[in-house]
Amino acid sequence: GVRSHAERTRPFWAFNMIRAMLSLALIFAAIATVHAAAASTAQVTSVVPGLRVGAKPDDPSCPDAGAESHIGCDDPIRGGHPFDLWELARSWTPGFCGSSRRMCGKQECDVSAMIPALTLHGMWPSYATPVDGNAAAENEIDVAAPRRSLREDASVETSGGECFWPQMCTKPVWFPKSSPWTYDPSLLPKGPEYEALAPAWYSDGLGSHEWPKHGTCAAWADGTGTTKGLDQKGYYDAMFALAKAEGTPNALVDAMGGSLPLKELQDLFGGAKRVALGCTPRCELVQVLTCYAQGEGTEASPAGPGERADCPCTGVRDSHYDNSCAEAHACAEVKILSPEQTGCGGGGPKPGPGPPHKCTGDVQCCPGVKGPACSTDSDCSGEAGCDHCAHSGYCTDQPRPNRD
């Protein structure tokens, strides 16, 4: 006979149930796979935001190293923002002299007198964490032009409202009437030892810029101006003593005329977190910057540079001026110029564009190796493995950092 409707549809119903269950199982498996992949990606990007999965920056704690421009503010301490960090900036003199033809006119860059050592640029009050520059502006504190930025149009607005160091400070209440407030070179320490530590200060008058811009802020130890900071002589004494104590590593002098791997150079100063290294676009060392805690302004902890400290990522290690050597694989090797290689007053030729490529096959950009020379991103767009044109003037495989 003829089967009932129920009997006719039961096999199809069972089949459909099985198919639905299989479909649900596949859906759940797919969801689990997506979540697992997202979790894996999060584990990478939570440590190094903005880098593609598997990319390894030179310093994972500061993926924006050498990529940013920053600004300072005039007299923000009086507005309630005392500083808490010192930066000691020293020049590798041949690198500084060779960075531009116009530098050769400076007395310190005379090839017969040039000192192949780290010599004093300045000692700068700074902020471990940037302060609110907009609030400073509301308090009628002037926002100054960039101290160390390559951009001439920088402002508090373009920096996200952040002020990274104090400068051009007014005289605090405690400052003694007997101590000169305007620049007085007679207060610099005397003797050939100090002249060798800071030739630019004695032969080229660098102090007439450094004291008004940075030294005046060293006089402040709190936001009221009542706690004793450093007067002009105290500032010079502390700065020269610190530069003398740090000295120049023998390995840096031994490398003169050649080059050092970036990591090896950083390790001479305690590692990537402890130093910022400034380079020319040709990866020639120009400046070494180290960081120190500010004293509390008490008898037990007087104002001035204290213990050596990590240099903060934001404001120092991410600064293109301070740490351009470390910008996303821009300089796998850093050249250490000799006086003869500067081009000041003759001598040997300057070194070439850098180490040869070591990428495999036709790849032009890979981790730790500079790509082809470039001036714009379009120069790198057709090169295998290259992402964009770095500040160094060479293509790099690293994507632009996420600056959200």
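1. A helix here is a DSSP run of H or I with at least four residues, numbered from the N terminus. That definition is needed for the K263 and D267 pair, because these residues sit four residues apart in helix α9 (residues 262-267). Their separation is about one helical turn. Please keep in mind that the model is predicted.

2. The K263 and D267 pair is a salt bridge. Its closest N and O atoms are 2.9 Å apart. K263 is exposed, because its relative accessible area of 56% is over the 50% cut-off. D267 has 41% and is partly exposed, because that value falls between the 20% and 50% limits.

3. How many salt bridges does a search of the whole structure find? There are six. One of them joins the side chains of E193 and K244, at 2.8 Å from N to O. This pair links distant parts of the chain. E193 is partly exposed at 39% relative accessible area. K244 is partly exposed too, at 47%.

4. D75 and R78 form another salt bridge. Here the closest N and O atoms are 2.5 Å apart. Is D75 buried or exposed? D75 is buried, because its relative accessibility of 4% is under the 20% cut-off. R78, at 45%, counts as partly exposed.

5. The largest nonpolar core has 32 residues. Those with the most contacts inside this core are W86, L120, M123, Y235, Y236, M239 and F240. Which elements give two or more residues to the core? They are β2 (85-92), β3 (118-126), α6 (207-218) and α7 (232-246). α7 gives the most, with seven residues.

6. Next, the aromatic rings. A search of the whole structure finds 11 aromatic pairs. F175 and W181 make one of them, an edge-to-face pair. Their centres are 4.9 Å apart, with 85° between the planes. The pair counts as edge-to-face because that angle is over 60 degrees. F175 is buried, at 6% relative accessibility.

7. W181 also pairs with W211, again edge-to-face. The centre-to-centre distance is 5.9 Å and the planes are 75° apart. Where do the two residues sit? W181 is in the loop between β6 (166-167) and α4, and W211 is in helix α6. The two are 30 residues apart, and the pair links distant parts of the chain. Both W181 and W211 are buried.

8. These rings belong to one aromatic cluster. Its members are W174, F175, W181, Y194, W201, Y202, W211, Y235, Y236 and F240.

Conventions. Residues numbered from 1 in each chain as written. Predicted model: local features only at pLDDT ≥ 70, side-chain atom pairs only at ≥ 80, totals over all residues. Heavy atoms only, no water. Core = buried A, V, L, I, M, F, W, Y, C linked by side-chain atoms within 4.5 Å. Buried < 20%, exposed > 50% of the residue type's maximum accessible area, 1.4 Å probe, protein only. Salt bridge = Lys/Arg side-chain N within 4 Å of Asp/Glu carboxyl O. Phe/Tyr/Trp six-rings, centres within 6.5 Å; stacked < 30°, edge-to-face > 60°.
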